[in-house]
Amino acid sequence: MRSLIIPLAVFGLSLVSALKYRGADFSSLLLLESTTDIQYRASSSSEPQPFEQILKGYGVNLARVRIWTSGTYSLSYGLEFAKRAKAVGMDLMVALYYSDSWANPGYQPIPSGWPDDLEGLQSQVYNYTYGLVQAFNSQGTPIQYIQIGNEINDGFLWPIGQITSNGFDGASRLLHAGALAVRDASPSTNIVIHLGTGWAPSQMSWFFGGIFTSETDGGLGSGLTLSDVDLMAVSWYPYYGTQATFSTLNATLNFLVSTYNKDVMVAETGWPVVCNTEAVPLSEPSIPVGVQGQITWIEDVVAVLNSVNHIHGNKALGIVYWEPGWTTNSALGSLCADVLLVTSDGVAMQSMTMFSNM
Ligand SMILES: *[C@@H]1O[C@H](CO)[C@@H](O)[C@H](O)[C@H]1NC(C)=O
Ligand SMILES: *[C@@H]1O[C@H](CO)[C@@H](O)[C@H](O)[C@H]1NC(C)=O
């Protein structure tokens, strides 16, 4: 498989900064700063610097942040994060979870205090989203990309918006309520649908084949239309199933672009620097665990995106590395021990150079 990709990597290297976005999701930064004495350095001989400045120095130009309806990653946390990212010149991608805490393909609860019927939820989603998008605009940090939900392979706001229990109708109407609010509050903000198990093209065709309505009403209450969506994004991890290969990534992205003609992005990815691969098989086993493997994984993902761009004309916008500096959570939710791009004491590793290869 990899031998097919190598010529494309060469093609990628011949184009400097071929991808529009070299992204990092460093949502945990303000939490770490307030709960630990973490100091980040660009190299072992550098003075400490704010992490966003180090990322910027390595070429990151897109900051992704998660926002929950309560708890740590609140709206005020997101606003503070946005000020920091924008101050170093990054664009902003907000992942709206519509949950009091985490949300993923297997967990999408309705936030506490929200209505539990479809009509009430549509109104709540609209109001919440509208107010949130406006808050970013009014502090002078407008959002470039906003996800309506996070990893919503089976919908969100369960059970009302759960596809496998309620069909596509509820999820479609709730997504439209969020999209409509974004369009009303901030016409220049791009709307993102983000799925988790992006290595399965059949899940993509199941989800997108059912989620759109042909209704033309467009008001609050109607379903999601293709024009509500600007970007289709996937998470692409090597340690949550061995199907997440470059070949399936290529198939998935080509399917999405050729079927829907929208921009696409790898909105979350990572590669371990420490991992017991006997316990956790990786999807591209020829790539070594470690710093060089992190660089190689990203180079090969870039090669796939460049290939999509070569065929379809710059539809693959970029890559976001998930939580490169979360030193108190180095496994990042995986069964590998360490997926970070910094050492445990906050020094950038050689793999930080991956951003300049994107
Ligand atoms: C959303 O806002 C509208 C207008 O202010 C209000 O009538 C409606 O009750 C709100 N919906 C919810 C669920 O709070
Ligand atoms: C990716 O998929 C496209 C479209 O199916 C195909 O033309 C191309 O050769 C594939 N690239 C790789 C590297 O497999």
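This is a predicted model: local features need pLDDT of at least 70, side-chain atom pairs count only at pLDDT 80 or more; totals for chains, interfaces and linings use all residues.
1. Ground rules. Local features need pLDDT of at least 70 and side-chain atom pairs count only at pLDDT 80 or more, while totals for chains, interfaces and linings use all residues. Residues are numbered from 1 along each chain as its sequence is written, chains are lettered from A and ligands numbered from 1 in the order in which they are written, and side-chain values use heavy atoms, without hydrogens and water.

2. The disulfide. The structure holds 1 disulfide (a pair of cysteine sulfur atoms within 2.5 Å). Cys275 and Cys336 form it, with sulfur atoms 2.1 Å apart. The two cysteines are 61 residues apart and link distant parts of the chain. Cys275 sits in the loop between β9 (263-269) and α10 (291-312), Cys336 in the segment after β10 (316-322). Helices (H or I, at least four residues) and strands (E, at least two) are DSSP runs, numbered from the N terminus.

3. Its geometry and setting. The S-S torsion of Cys275 and Cys336 is about -60°, so the disulfide is left-handed. Cys275 and Cys336 are both buried (under 20% relative accessible area, 1.4 Å probe, protein chains only).

4. The helix pair. Helix α4 (residues 75-87) packs on helix α5 (residues 118-138) at about 30°, axes 10 Å apart. Axes are lines fitted to C-alpha atoms over the stretch in contact, and angles run from 0 to 180 degrees between N-to-C directions. α4 and α5 are therefore roughly parallel (under 35 degrees).

5. Their contact. Leu75, Gly78, Leu79 and Ala82 of α4 meet Leu132, Ala135 and Phe136 of α5 (heavy atoms within 4.5 Å). These contact residues comprise 6 nonpolar, 1 polar and no charged; Ala, Val, Leu, Ile, Met, Phe, Trp, Tyr, Cys and Pro count as nonpolar, Asp, Glu, Lys and Arg as charged, and the others, Gly among them, as polar.

Note on methods: Buried means under 20% relative accessible area, exposed over 50%, partly exposed in between (1.4 Å probe, protein chains only). Angles under 35 degrees count as roughly parallel, over 145 as roughly antiparallel, 65 to 115 as roughly perpendicular and the rest as oblique.
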